[in-house]
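Please open the structure in your viewer and keep the sequence at hand.

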Amino acid sequence: MGHDDTLEPGGLTAFFDRTYEEAMALLVEARDYIAANRRLALERDAVADQLDYSLETTRLTARLTEIMAWILTQKAVHAGDISRADACLPERRLSARETCLQDNPAAALPLYFQSLLAHSRDL
């Protein structure tokens, strides 16, 4: 019995489904927050604060969409749609780890937005 045979049929799939749903829900929540607060970046006093807010919104959405793509790749491997070797190709890997997981402690960001960033890093 191989390693994959020891997994319950729905176990790994259920894990990836839940993780994908969590990432999608967080992406929608972030999109809604950013859309509702888009003037926030423009109303910030310092140009540096505006840039920090823009950088972090971009980082947040990039991080979440990359996580979702990676989860879909893992689900495809588990379903037998692609091989593990194909899943390991550079274009299918989680990339820019240093950039995506970097914390910007100097940024003066709203607390709710900071919680979205933290949740995405945890995911």
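Begin by selecting Leu-60, which lies in helix α3 of this predicted model. Is Leu-60 buried or exposed? Its relative accessible area is 0%, under the 20% cut-off, and Leu-60 is therefore buried.

Next, display the surroundings of Leu-60. Setting aside residues up to four places away in sequence, Leu-60 touches Ala-30, Phe-113, Leu-116, Leu-117 and Ser-120. Of these, select Leu-117: Leu-60 and Leu-117 are separated by 57 residues in sequence, yet their C-alpha atoms are 6.3 Å apart in space.

Now widen the selection to the largest nonpolar core, which comprises 16 residues. Which residues have the most contacts inside this core? They are Leu-60, Phe-113 and Leu-116. Colour α1 (11–36), α3 (47–79) and α6 (111–122), the elements that each contribute two or more residues to the core. In soluble globular proteins, nonpolar side chains tend to be buried together.

Finally, keep α1 and α6 in view. Their axes are 11 Å apart and the helices pack at an angle of about 155°. Because angles over 145 degrees count as roughly antiparallel, α1 is described as roughly antiparallel to α6. The crossing of α1 past α6 is left-handed. To see the contact itself, select Glu-22, Leu-26, Glu-29, Ala-30, Tyr-33 and Ile-34 on α1, together with Tyr-112, Phe-113, Leu-116, His-119 and Ser-120 on α6. Coloured by class, this contact shows seven nonpolar, two polar and two charged residues.

Definitions and conventions: Residues numbered from 1 in each chain as written. Predicted model: local features only at pLDDT ≥ 70, side-chain atom pairs only at ≥ 80, totals over all residues. Heavy atoms only, no water. Core = buried A, V, L, I, M, F, W, Y, C linked by side-chain atoms within 4.5 Å. Buried < 20%, exposed > 50% of the residue type's maximum accessible area, 1.4 Å probe, protein only. Helix = DSSP H or I, 4+ residues; strand = E, 2+ residues; numbered from the N terminus. Axes fitted to C-alpha atoms, helices over the stretch in contact; angles between N-to-C directions. Parallel < 35°, antiparallel > 145°, perpendicular 65-115°, else oblique. Left-handed = near helix turned anticlockwise from the far one by under 90°. Contact = heavy atoms within 4.5 Å. Nonpolar A, V, L, I, M, F, W, Y, C, P; charged D, E, K, R; others polar.
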